Amino acid sequence: MDFITNPLNLVIFFPLVGVLALLFIPSDRKNALRWTALLASLVTFGLSIWMLTLFDKANPDLQLTLDLPWIQVAGWNIHYNVGIDGLSILLVLLTTFLTPISILSTWTAVEERVKDFMLFFLLLEVGMSGVFLAQDLFLFYIFWEFTLVPMYFLIGIWGGPRRIYAAIKFFLYTMAGSILMLIAILWLGIHQGTFSVPELMLKGGIPADIQLWLFLAFAAAFAIKVPMWPLHSWLPDAHVEAPTAGSVILAGVLLKMGTYGFVRFNIPLFPEAAVKATPWIALLAVIGIIYGAWVSYAQKDVKKLVAYSSVSHLGFVMLGLFALNSQGIQGGILQMINHGLSTGALFLLVGMIYEQTHTREMAVYGGLWKITPVFGSIMLIVALSSMGLPGLNGFVGEFTILLGAFGSAAIGSPWYAGVAATGVIMAAVYILYMFQKMFLGPEGPIVGEARQHGHPLRDLNWREIVTIAPLLVFIFWIGLYPKPFFELMAPAVEKLLAVLH
Amino acid sequence: MVLAGLSLLGGALNLPFDGFHTLGHWLEHTLEEVEALPLDLEVAGLSTLLALLAIFFSWLIYGRKPLEAGQKDPLKKPLGFIFTGMENKWFVDEGYWAVFLDRYVDIGRFLADVIDWRFWHDWFHDKVIAGTYNWLSRTVLNLRVDQQGIDAFFNGLGELTKRTSTGLRRWQNGFVRSYALAVLLGVVVILGYLLIK
């Protein structure tokens, strides 16, 4: 009974109710399928809000926990253990928030095999929530690998022309890192006698040289997922080929599983190794920031531009997390949310225009703002949020991260933050360049072409506005009043820092 | 006009009086403490004075008698090359483009096309990693080791057996007289051995 009534379990597994319902709906009743999936994801979001009301933000420990013995064979002690704290609550909410938005974005974009699409999408949500809530390494690993399967099919079936290549690359690349993590998990299970994360944290006492190897094994899995430079090569392929909703979830949530892994496992479980590795991670993060921004600017495909911008933005997140101080980690976690909102919105908007024109070549666009004023204005807000304009969400996150990195004892030099700060300007360069190319200036050739074919470009319709509006609310909310968001995570971050000292 | 309005608002937000100074308070959460700077009369006063003077002079020159389209600017003659320079913003934009922005674009393209795509994506990942794996799988293991190695060895064994049996078949011809001859030869050999010994 505990298992079913636990709020966290309800959040994780409610989408399965939707999956079950979908199975009974005939495949050709597309709208019924869409509404069912949307409803299931909305109820899941509602459940996560209920979970938020039960959450005590002053308490730094894991809450709403459920710990049941699961697989216990020959001294192996695997538990079904879930719990939530300030490090994960925002990410769970981001997951349940972005899923209905993504489903709504597929209303007219996905016309083939709607049933399968929705099934995979809801299964993906189960995996993602599970990743953020699992407190047993074995259980975590199951959810972690499980997310690969639906995403593999989402890219491989509903993707672009090179979808099979992209899907296989995504799967293999991620899995290669995960296997190293699995070996490290097995080592911990054998030598420490438990897979439970809180117990492992209490136990500690792993020799420094072994810590470093375990740290690296976990980091391999997470760094690929983030992706940290230079392990980003799967990302542009996956993003360009994935359908819009897949890109939104990929950028919005799946990449955060990597950065989350660093905060949840790497830093608290192997604190000495984390401190030792910090300058190197900070270096890779800064390279990623600059490199991602520079490469973004040279892209001709707008989706690829947004994909590379993720490499840059996630570099900021990593720099913040490995500042190993309160400002850095809080900024890093907030920036994970910000990136999910802004980049998610960017992918949605790109998808909306792609649905009409079937091209992502920036060169054929131009002068869109005049023709589609609502679309243009929303794009401008999202673009400004992504480049960190004060008053919008990106600024708060990046500013806090840079502040943390600047004064970080672990990183050891303010130069990292100094160089990273130029990344903010470079972000403005590629984002404004994209906006100028597509929305300002004379009409691009695609505009006339669409008119000739009798389908002149139209502005956003109501469904599209409803899809994007919730993101805009949070873009402004976090930008203008981030305090409630920081308050949710602050005690847990302080507790994490206490482990380091 | 919009910019002018916004800058008024922006300035007003942080007026150094109680109740204003909103920006300072807004950043308090992250900055922890913000010094409330006193109003620096010298800096603020001087710049205001200069701005007012400039407004007055420009009103003297342009404000009373607006320029007709195509009419020469009254300042062009007395200022000479300074005017030409100012009119072209001292070619700062052009210089800036040539020195910094073009280089920025070049490096961006180089990183994106050569380093990230051709070297890292196409060569290292597709050719080296995936290519090596394919080569090991198809050429080394499947062709050389499996087909030309292990398979060939066992096929060779089969071939050997086949040839041996073809050779032996000549002896097994089913004629009783040949078998009797063989028995006779054997008897002769054994008897001969026994006799000589």
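Ser88(A) sits in the loop between β2 (78-84) and α4 (89-105) of chain A; helices here are DSSP runs of H or I with at least four residues, strands are runs of E with at least two, and both are numbered from the N terminus. This is a predicted model, in which local features need pLDDT of at least 70 and side-chain atom pairs count only at pLDDT 80 or more, while totals for chains, interfaces and linings use all residues. Residues are numbered from 1 along each chain as its sequence is written, chains are lettered from A and ligands numbered from 1 in the order written, and side-chain values use heavy atoms, without hydrogens and water.

Back to Ser88(A). Its relative accessible area is 0%, so it is buried; buried means under 20%, exposed over 50%, and partly exposed in between, with a 1.4 Å probe and protein chains only. Leaving aside neighbours within four places in sequence, Ser88(A) is in contact (heavy atoms within 4.5 Å) with Phe132(A), Tyr260(A) and Arg264(A).

Thr36(A) belongs to helix α3 (residues 30-54) of chain A. Thr36(A) counts as buried because its relative accessibility is 18%.

Next, some backbone points. Val226(A) and Pro227(A) are joined by a cis peptide bond, with omega about -15 degrees. The bond from Trp229(A) to Pro230(A) is cis as well, with omega near 0 degrees. Pro227(A) is in the loop between α10 (208-225) and α11 (234-241) of chain A, and Pro230(A) lies in the loop between α10 and α11.

Leu324(A) is not a glycine, yet has a positive phi of about 50 degrees. Its place is the loop between α14 (302-321) and α15 (326-357) of chain A, and at 9% relative accessible area Leu324(A) is buried.

Now the interface. In chain B, 20 residues are in contact with 28 residues of chain A. The buried area between the two chains is about 2,100 Å², with carbon and sulfur atoms giving 63%; this is the accessible area (1.4 Å probe) that two parts lose on being put together, summed over both. On the side of chain B that touches chain A, α3 (28-31) and α7 (92-169) of chain B each supply at least two residues. The largest share of that side, 14 residues, comes from α7(B).
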